[in-house]
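This briefing concerns how helices pack against one another in the structure shown below. Two packed helices are described by the angle between their axes and the distance between the axes.

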Amino acid sequence: MPSKDVLPEGPRRAFVEELFTHYREAGRPTLRQIESWIRDNEDLPGTASTETIRRVLTGAVVPRTWATVDAILQAFCALADRSPDEDRWPEDNWSEVTLRGELKKRWNAVLDDYEGDVPTLPPKPSPPPAPAPRGNFEDPWADVAPARGNFDEEPPF
């Protein structure tokens with residue numbers, strides 16, 4: 001388990017701690033044993049390489065797909081001769097959370113936790129104001145075209 005200096009308190013640490021509980025229960029198998037078990041069980045929805053497993057256990061990465069996390073959990077549970085659908089807290093009569101359910105809750109908490117401010121786009125600039133009319137619009141010889149009427153360029157005399 002990484003130290004708190006390496007992996008500080010927060011959702012990611014809580015996820016790794018839960019996964020490490022299953023890793024310890026499984027007898028701390030080697031990465032190759034875990035990968036081999038996952039590879040040998042083709043009915044699993046996900047896979048995980050030794051490098052992925054190592055990075056997940058150290059908290060360096062949290063898989064974006066639940067299938068990968070579930071494959072690792074199932075390997076730990078099988079190696080510990082447990083079911084991932086057992087009660088997580090059997091002494092708590094009110095809780096009906098399974099081993100899988102607790103890990104999934106913590107996995108979701110990591111993915112939902114955004115570190116830092118949510119990036120936003122700058123506000124859209126408002127359109128420039130219409131130019132103020134210049135001159136007298138009643139005067140057909142003004143330097144701006146009239147807003148209404150049809151004047152011709154010839155003087156009236």
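In this predicted model, helix H1 (residues 11-25) packs with H5 at an angle of about 155°, their axes lying 8 Å apart. H1 is therefore roughly antiparallel to H5, as angles over 145 degrees count as such.

**H1 and H5**
- The crossing between H1 and H5 is left-handed.
- From H1, the residues Pro 11, Arg 12, Ala 14, Phe 15, Glu 18, Leu 19 and His 22 take part, meeting Leu 99, Glu 102, Leu 103, Arg 106, Trp 107, Ala 109 and Val 110 of H5.
- Sorted by class, this contact of H1 with H5 comprises 9 nonpolar, 1 polar and 4 charged residues.

**H4 and H5**
- On the H4 side, Trp 66, Val 69, Asp 70, Leu 73, Gln 74 and Cys 77 are in contact with Leu 99, Arg 100, Leu 103, Lys 104 and Trp 107 of H5.
- The contact of H4 with H5 contains 7 nonpolar, 1 polar and 3 charged residues.

**Asp 70**
- Asp 70 belongs to helix H4.
- Its relative accessibility is 7%, so Asp 70 counts as buried, the cut-off being under 20%.
- The side chain of Asp 70 forms a polar contact with the side chain of Arg 100, at 2.8 Å.

Notes:
Residues are numbered from 1 along each chain as its sequence is written. This is a predicted model: local features need pLDDT of at least 70, side-chain atom pairs count only at pLDDT 80 or more; totals for chains, interfaces and linings use all residues. Side-chain values use heavy atoms; hydrogens and water are left out. Contact means heavy atoms within 4.5 Å. Helices (H or I, at least four residues) and strands (E, at least two) are DSSP runs, numbered from the N terminus. Ala, Val, Leu, Ile, Met, Phe, Trp, Tyr, Cys and Pro count as nonpolar, Asp, Glu, Lys and Arg as charged, and the others, Gly among them, as polar. Buried means under 20% relative accessible area, exposed over 50%, partly exposed in between (1.4 Å probe, protein chains only). A polar contact is a pair of N or O atoms within 3.5 Å; within protein, one must be able to donate a hydrogen and the other to accept it, and residues adjacent in sequence count only if both atoms are side-chain atoms. Axes are lines fitted to C-alpha atoms, for helices over the stretch in contact, and angles run from 0 to 180 degrees between N-to-C directions. Angles under 35 degrees count as roughly parallel, over 145 as roughly antiparallel, 65 to 115 as roughly perpendicular and the rest as oblique. A crossing is left-handed if the near helix is turned anticlockwise from the far one by less than a right angle, and right-handed if clockwise.
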